[in-house]
Every structure is written in structure tokens, then in C-alpha cells.
Amino acid sequence: MADGDVSREVRERLTRAGEGGVLRFITCGSVDDGKSTLIGRLLYDSKLLFEDQIKTLERDSRKHGTTGEEIDFALLLDGLEAEREQGITIDVAYRFFNTDKRKFIVADTPGHEQYTRNMATGASTADLAIILVDARKGVLTQTRRHTYIANMMGIRHAVVAVNKMDLVGNSRSTFHQIVSDYMKVAEDLGFKSITAIPISARYGDNIFKRSDSLKWYDGPTLMEHLERVDTAADDILELPFRFPVQWVNRPNLDFRGFSGTVTAGRLAKGGQIRVAHSGKEAAVSRIVTADGDLDEAVAGEAVTLVLDREIDIARGDMLVDPKSPPEVSDQFAAEILWMTDEKMHPGRSYLLKAGCQITPASVTTLKHKLNVNTFEKEPGKSLDLNEIGVCTLSTSKLIAFDHYADQRETGSFILIDRFTNQTVAAGMIEFSLRRASNIHTYAMDVDKSRRAALKGQKPAILWFTGLSGAGKSTIANLVERKLAGNGRHTYSLDGDNIRQGLNRDLGFTDADRVENIRRIGDVAKLFVDAGLIVTCSFISPFRSERQMVREQVEAGEFIEVFVDAPIELCMQRDPKGLYAKARAGKIRNFTGLDSPYEPPEAPELHIRTADMSADEAAEKVIDELVKRGLLG
């Protein structure tokens, strides 16, 4: 269907911004630049506050305000008690207001560096960013960071609101110097428009009305600009159709539909769709909503699609335009913003959530970090809180995605800590890695089951974890001796032995420990594929890495043995003299002393070596293997 054929009703549903539509914008910048005050002033001057709200605001201003006897407009936004007590914004606050020309959704985002993740959340759905700059302070590091993140999140229109002009005598030269400094920061970032406006949010200068104190400025007021800025939302019509499946709707035997929200493009009844992962195609026979069937579904609408034939579709699949399909890959490059205090380490396993798709994933390589002061690329091995870097990622299964620059909804993802469920990073996909489509698994005629059958056993990984000196290697050695004596085919991977060869290039930092276990996990998986019972004796201090190895093999093939001994007993044994050296400061990052150990929460075997001999512990492991039927 051509653009000219789209009905007026469809056009009205499509319009997300533009004349008569909705503009989503954020306020951001450094702390105390006046973001909350600006939004409070917008709400107040738009005449949308009720009389009781104004009275409450006046009362709160006397109690919590920072403007003497005058109204403190920031309190309209700082809803948390902690925000009011500290005079800062912590969480993202959304407000809705309108004028005769447009409707607005505004997000007030925190200025403090520690709450950068909240700012990124607000920016992820915005069309425009108002970057506030305190006229007394000029462009600061957080101004640069928020500008970059706004651009990184796909915002293409910026307003540089130079606030508190009254405190610098409404100086024209000060304004122009700040604008000049800001343009040096932002001019190469890719914004479609950057508009600079001098304001005083506290007194309402150049917010709704022009200021007599700033007569030298002949540009639009802030509200004039917001009412007429064209964010070209109708371009979403031109994007290829994308429909992530949220739910397979099967209320009875006679109905099977696929529910979700159209993220881009449009789809008419009778149109063809393709399942991105499988490549299977079908025609749409119905477009169902709670208010009745539609002839066409457009971006932003929640619908249920019914197809003309049965094809395999599940939650997480993406239905797409067959002529313009997305990438489908398990390796890609992305720009990520790290959002947690715990460092990002390449090789560590996280959960990646892209739309409705969830899969284990890891950062394989940190290509470079970004210096937010100069925007220069810098080398690095890990990312700290609020740092930005370009990484390559690998997922455990194929996912469908677009490049973020082309489609925000299907080109973005988050990384989730597998144990705390905390969101640790937001990512924007740049491109698929070519090697992901060029490398394929070759199916061998002799597979794991046949190799295991020849040996008369079931393959498995016996993963011994615990502190240094707990007895891991001693018990693992005895277990392998007993298995070999019983005619079983085994191999042993030991921490010290591996570090003399395969992992000799690794140290003992957290990042190196993660990579150490990642490599060992890959080797152990190969031994399992060979049909062997492989013992692995490694401190392996982090649960996430042990879980990563577990998920590389089939259910029942990973047996975690927690060799548990009090650290006092380990220090007393100290077979290699390592504890003594660590306590003397000769060894750094020693697990149990100055580096953490995360004990297993639900190991298959928990062996307390303070209560039994090594031989008794080995027998207990053998008994567990027999009970699980691994010895044939």
C-alpha cells in the first residue's frame, strides 16, 4: 500500500510526534543545573496545576525549598523523600502536559554520575533531549556524558538550555561562549538539530514568554521550539515491518494467534510475514484487537496476528517483512553503557534480553573504551560503572536484530546478572560479525553417544571447587585413580597444570580468572564430547563462570563438588605456602583473603574435608556417580 493510500484514521494512529502529536523529551545535564525546576516551571506556566497542588507546592517550598519564600518548582518532580532532603533527583520522573499545539511526555533524569543508568533509561524512548547547562559553570564532564548517551540512545534533536542566566547578569558573551564550547562537544555526534536557548527556569525567562532581560536573543522560546520541532516520527512508516512475539494466544482449539506490539513499519491484512529465525513464511488472515479486527496494523499498536497456515512460532520469535529481514546471528559488535559497580569482564556469562528474546551471552572482546571528556578511543580490559565501550558479544543461540542506527526497538538490548537479576548494561548493536555467518558446525558421523557407548560409560564433568588448600586436587586425583582402576576412561584438568600451558598467559585478576574458567570450560566440553569422565580441580571463585560451564553441556553431565574447608584450616594446611606469602603481601588477589570466593548455592555434592579423610571424600564422589548411573 502506497503512502497516499493510508487512511486518515491510520495516519492518526501513526502520528507519534509532529504537529498535533506527542513529543517525548528528557531533561539532562550535570547535577543542580536546574532540570527539575525547568519542568516544574513548564507545568506551572502551562496552567495544568490545580489550586490544591499549588498550595501544597507552596507549603513544601517553605519546608524543603531552596528559593527562600518563592515557589521551588523542582519539588513538583522530586517525589522521593530522599530527593527532597538532598535537593537532587535520583529516579526518573515522568510528567505529562499539553498546549494548544502539542502534547508532551517529559522525563526528568538525574544529574549525579552514580545515577547515569536512570538517565539512560529516560533517553531510550525520547525524541529530543534538553541539555541544561548552568551559566555559571559552563560545559562539565556530566554534560559531555549525557550528550553522548543521548546521541548513543538514538536521540537526534537537542536543545542546549543555558540556565540561570540571571546569575551571570544575562551576559550575551557568556551564553555564546558556552554554546561555542558545547558545539565543540556535540557537532560531530550526529544530531540532526541543536538549538541553543538562554533561559532562567526559576523566573520563567524564555520558557513560555520572551524575557525583557534577554532582549539580545532573537530566537524562539523553549516552548515555541518544542511545539514546532519536527522529529520526523512518520519515518517509522518507511521502516521494514517488525513484530516481536510476546505471547502465543491459544484460548481454544479453534484459535491460534500471535500477540505483540508492532515496533516498526506496517502490515495489511493478507500481507506476507516471515519468521526471522526459521525463514518460514505465511500470510496474515486476521489482525485482531480488543476493539475488533483491523485492516492494517501500524507501529505502536498492540495486536494479535492470525496466519493462514500453521508454522512453528514461539515467544521471542520476530515476524518481519520478507523483503527486508533483520540480521540473525549469534555474534555481533555493540556499544554498551556499563551500569553497575561490579566490573564488566570479557568471558563472563550474562543474560541478554533483546525485545522478547532472552539468551545467555558473554562479552568476548572489549575493543575500546570511550573517554567522555575527549570522545577518544582508549584501550581497556574491563568497564567500570558508567563507562562506555565498544564490544563484541556472543550469544548461546541465534537472535534476530537490526542495527540500532536503523531501528532502535530491535537494535537494542540489556545485559542481566544471572544471579542478582540486576540490569548491568544497556547495549546498542552496531553490526553482525561476518565470521558468525561463515562458520558452521560440521556434523561428524561418530558422535558423543557412540564414543561413550564404546567406553561403556556416560560422559560427565566432575567440577571440584573450593578454596586453595581445601583438598580439591587430592580428592580429584583419588577419584580418577579409582575410576581408572575400574576400567573407566578419564582425564584430569588441574589448575596448576593448566596454567603451565594453555593458560600460562593469564594472571589472577578477576578478568583473568573469568577467562581462565572460560577456556577450561571449552576444553572440558571437548572431553565430554569424546565420551570421557573429566575431573576439573579449580578454585573457580565465581558462580557465574561455574554456571557458564554447566550450561555448555547437557543436563546431568555437570556435577559440582563443593570441597568445603574453613579458611583457618586451609591456612593451617597451606601445602604450597601460598597463604603465608599472601599474608606477607607477596601475592595479591588471593582468593579467600583479598579476592572473593562465591560458594556454590546448590552443588550436587558438598564435601566437608574437616570431617572426613580424602579417601572417604573420594568414595563419596564415586557413590554419587553410581547413584546417577554414570558408570554404566
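A search of the whole structure, which is a predicted model, finds 28 salt bridges. Side chains of opposite charge can pair when their charged atoms come close.

**Salt bridges**

Start with Arg256 and Glu310. Their side chains meet in a salt bridge, at 2.8 Å from N to O. Arg256 sits in strand β8 (residues 255-261), while Glu310 sits in the loop between β13 (302-307) and β14 (318-320), so the pair ties together parts that are 54 residues apart in sequence. Is Arg256 buried or exposed? Its relative accessible area is 19%, and buried means under 20%, so Arg256 is buried. Glu310 is exposed, at 58% relative accessibility.

Next come Glu545 and Arg348. Here the side chains meet at 3.1 Å, N to O. Glu545 is buried, with a relative accessible area of 2%. Arg348 is buried as well, at 4%.

Arg519 lies in helix α13 (residues 510-529) and Asp505 in the loop between α12 (495-498) and α13, 14 residues apart. Arg519 counts as buried, at 19% relative accessibility. Asp505 is exposed, at 53%. Which residues join this pair in one network? Salt bridges that share partners link Asp505, Glu515, Arg518, Arg519 and Asp522.

**Strands around β17**

Now turn to strand β17 (residues 357-370). Which strands pair with β17? The table lists three of them, each with one pair of opposite residues.

| Partner of β17 | Sense | Bridges | Opposite residues |
|---|---|---|---|
| β16 (residues 349-354) | antiparallel | six | Ala354 and Gln357 |
| β18 (residues 377-378) | antiparallel | two | Lys369 and Glu378 |
| β19 (residues 388-401) | antiparallel | seven | Leu366 and Cys391 |

Two of these pairings are hairpins. β16 and β17 form a hairpin with two residues between them. In that turn, Gly355 has a positive phi of about 65 degrees. β17 and β18 form a hairpin too, with six residues between them. Which residue in this turn has a positive phi of about 60 degrees? The residue is Phe375.

One link joins the two topics.

Definitions and conventions: Residues are numbered from 1 along each chain as its sequence is written. This is a predicted model: local features need pLDDT of at least 70, side-chain atom pairs count only at pLDDT 80 or more; totals for chains, interfaces and linings use all residues. Side-chain values use heavy atoms; hydrogens and water are left out. Two strands pair if DSSP finds at least two bridges between them. Helices (H or I, at least four residues) and strands (E, at least two) are DSSP runs, numbered from the N terminus. A salt bridge is a side-chain nitrogen of Lys or Arg within 4 Å of a carboxyl oxygen of Asp or Glu. Buried means under 20% relative accessible area, exposed over 50%, partly exposed in between (1.4 Å probe, protein chains only).
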